[in-house]
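Subject: Structure handover, charged side chains

Hello,

Here is the structure I promised to pass on.

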Amino acid sequence: ALQTKGIQPGDRVAIMFMNQKEYLVSFFAILYAGAVVVPINITLPSEDIVYVFLNSGSKLMISTQAFAECFEGKPIPILMANQSEEKKYPAWEEAVEQGNPNFEPIPHGDADSLRVLMYTSGTTGKPKGVMLSENNLSSNMDGIAPLFQFHTQECLLLALPLFHAYGLIISLYALDAQAPLYLVPNFTPKKILQTLVEQQITILPLVPTMFSVLLHSIQKVGADKLASLKLCISGGASLPEKLLNQIEQSMNLAVLEGYGLTETSPVLAVNSREKGSVPKSVGQPLPNVDIKLVDDQGNIYRYESGKVSGEGEILAKGPNVMLGYYNLPEETAQAFDSEGYFRTGDLGHFDAEGNLYISGGRKKDLIIKAGENIAPVRIEDVLYQHPAILHAAVIGIPDEKLGEDIAACVELKPEQHVSEQDLKKFCREHLPTFMVPAEVHIYEELPKNQTGKVLKNKLKEQYANQLQKAGG
């Protein structure tokens with residue numbers, strides 16, 4: 001069907017779906033046609049969707065009627081599934097019916113060529129394309145296989161969005177292990193609980209925020225109804241120890257926390273099914289991943305048996321590490337050290353058994369909220385559009401459920417007046433929901449250095465001190 005639409009080997013094809021069968025069918029069809037998959041984050045505003053489509057050089061968008069409004073009047077060729085009666089776009093279903101039944105998969109070159117172009121938030125605020133090869137993804141599947149040990153008798157529920165690397169790699173591994181995969185389009189506790197019971201689900205991967213919401217519902221109905229559930233997997237953000245203990249104790253199962261980034265396809269480390277969870281730890285590095293820690297003085301730390309390592313930035317090397325950032329040679333070069341290790345920007349250390357711990361600090365100025373990478377500059381740019389704001393700085397603040405949430409700190413122009421609630425409303429009108437600050441603080445004067453740059457570290461210190469005084 002893609003061939004009849006003129007798609008050639010090497011072409012980019014964007015896909016934008018909720019969790020539904022058409023996503024995975026389209027994903028594999030694009031690969032079999034020798035083309036490159038460009039997954040689109042469905043929570044992006046329409047201007048960012050257009051940016052990703054054009055920046056990637058995509059020739060076609062495959063989507064569903066649910067997102068039709070995003071494409072109105074946009075220069076995007078579309079193949080539309082689940083259409084309304086209007087049928088403004090060529091239909092996915094008709095294209096599949098008209099496809100060549102004798103189609104042969106097209107050779108697409110070596111396993112290290114570009115196959116998936118996955119956009120993620122960057123420090124510049126604009127999404128940037130992470131170039132992943134077939135070998136990147138397959139090696140990550142190989143790395144997690146002995147730790148997760150999926151098999152054909154498992155039943156896995158996927159509420160994680162497929163457009164995220166976490167959801168994608170879990171689904172690919174489940175399919176490879178021939179484990180039944182139940183896709184849930186929208187995360188609602190009621191739907192999750194219903195599917196867990198009806199389908200006798202045995203494995204449930206989520207992010208901490210989802211676990212927190214779900215746990216509250218499970219405690220209402222009783223965990224005894226979920227006797228089939230044997231394993232939970234947590235990733236995308238730090239899992240609070242209190243929440244981990246609550247899940248394991250109330251549901252009598254293990255929760256395996258892992259760690260990774262889109263740039264590493266994505267898993268770097270994870271606790272194993274065999275050993276169970278290690279509180280506060282993301283487990284040991286995958287067997288095919290090499291991790292070193294480098295501090296600000298250039299000292300290098302690796303795991304040594306029986307010793308706790310020093311703390312440093314986590315650098316990773318392995319077949320799962322990306323090819324680079326699409327059309328961003330300078331950022332790609334900066335992302336790797338002289339030995340080819342990828343700089344994660346996260347700080348961590350090893351314990352005496354080789355388990356990796358994420359310290360919570362990051363060199364990169366990103367906020368990770370419920371697994372979403374959020375560039376503060378994107379929110380700051382919106383705040384600066386408000387006529388009353390002179391200076392704006394956005395910082396990450398600790399949140400037990402989300403890992404981090406967003407606080408906007410602003411300084412108003414002379415003789416200007418605006419409330420914190422009005423600024424929140426302004427943000428809601430110009431930003432995706434997950435980027436709207438949870439807190440807005442208005443300062444008489446923001447702390448700055450001699451050049452006038454706002455000192456975010458100082459703001460974070462002030463916030464921490466206020467929490468301490470308040471007993472938070």
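A salt bridge here is a side-chain nitrogen of Lys or Arg within 4 Å of a carboxyl oxygen of Asp or Glu. Keep in mind that this is a predicted model. By that criterion the structure holds 14 salt bridges.

Start with lysine 292. Its side chain meets that of glutamate 339 in a salt bridge, 2.6 Å from N to O. Lysine 292 sits in strand β14 and glutamate 339 in the loop between α10 and β18, so this pair ties together parts 47 residues apart in sequence.

Lysine 292 has another partner. Aspartate 337 forms a salt bridge with lysine 292, and the closest N and O atoms are 2.8 Å apart. This pair also links distant parts of the chain: aspartate 337 is in the loop between α10 (329-334) and β18, 45 residues from lysine 292 in strand β14 (residues 290-294). Both aspartate 337 and lysine 292 are buried.

Next, a pair between two helices. Lysine 456 and glutamate 380 form a salt bridge through their side chains, at 2.7 Å from N to O. Lysine 456 belongs to helix α13 (residues 456-470) and glutamate 380 to helix α11 (residues 376-383), so the bridge ties together parts 76 residues apart in sequence. Lysine 456 counts as buried at 18% relative accessibility; the cut-off is under 20%. Glutamate 380 is buried too, at 10%. Elsewhere, salt bridges with shared partners join Asp48, Lys126 and Arg378 into one network.

Which side chain of opposite charge is nearest to aspartate 351? It is lysine 275, 9.5 Å away. Aspartate 351 is buried yet has no salt bridge. Its place is the loop between β18 (342-350) and β19 (356-362).

What does aspartate 351 have instead? There is a polar contact of 2.9 Å between its side chain and that of tyrosine 357. Setting aside neighbours within four places in sequence, aspartate 351 is in contact with Tyr303, Lys307, Val308 and Tyr357.

Best wishes

Note on methods. Residues are numbered from 1 along each chain as its sequence is written. This is a predicted model: local features need pLDDT of at least 70, side-chain atom pairs count only at pLDDT 80 or more; totals for chains, interfaces and linings use all residues. Side-chain values use heavy atoms; hydrogens and water are left out. Helices (H or I, at least four residues) and strands (E, at least two) are DSSP runs, numbered from the N terminus. Buried means under 20% relative accessible area, exposed over 50%, partly exposed in between (1.4 Å probe, protein chains only). Lys and Arg count as positive and Asp and Glu as negative; His and the chain ends are not counted. A polar contact is a pair of N or O atoms within 3.5 Å; within protein, one must be able to donate a hydrogen and the other to accept it, and residues adjacent in sequence count only if both atoms are side-chain atoms. Contact means heavy atoms within 4.5 Å.
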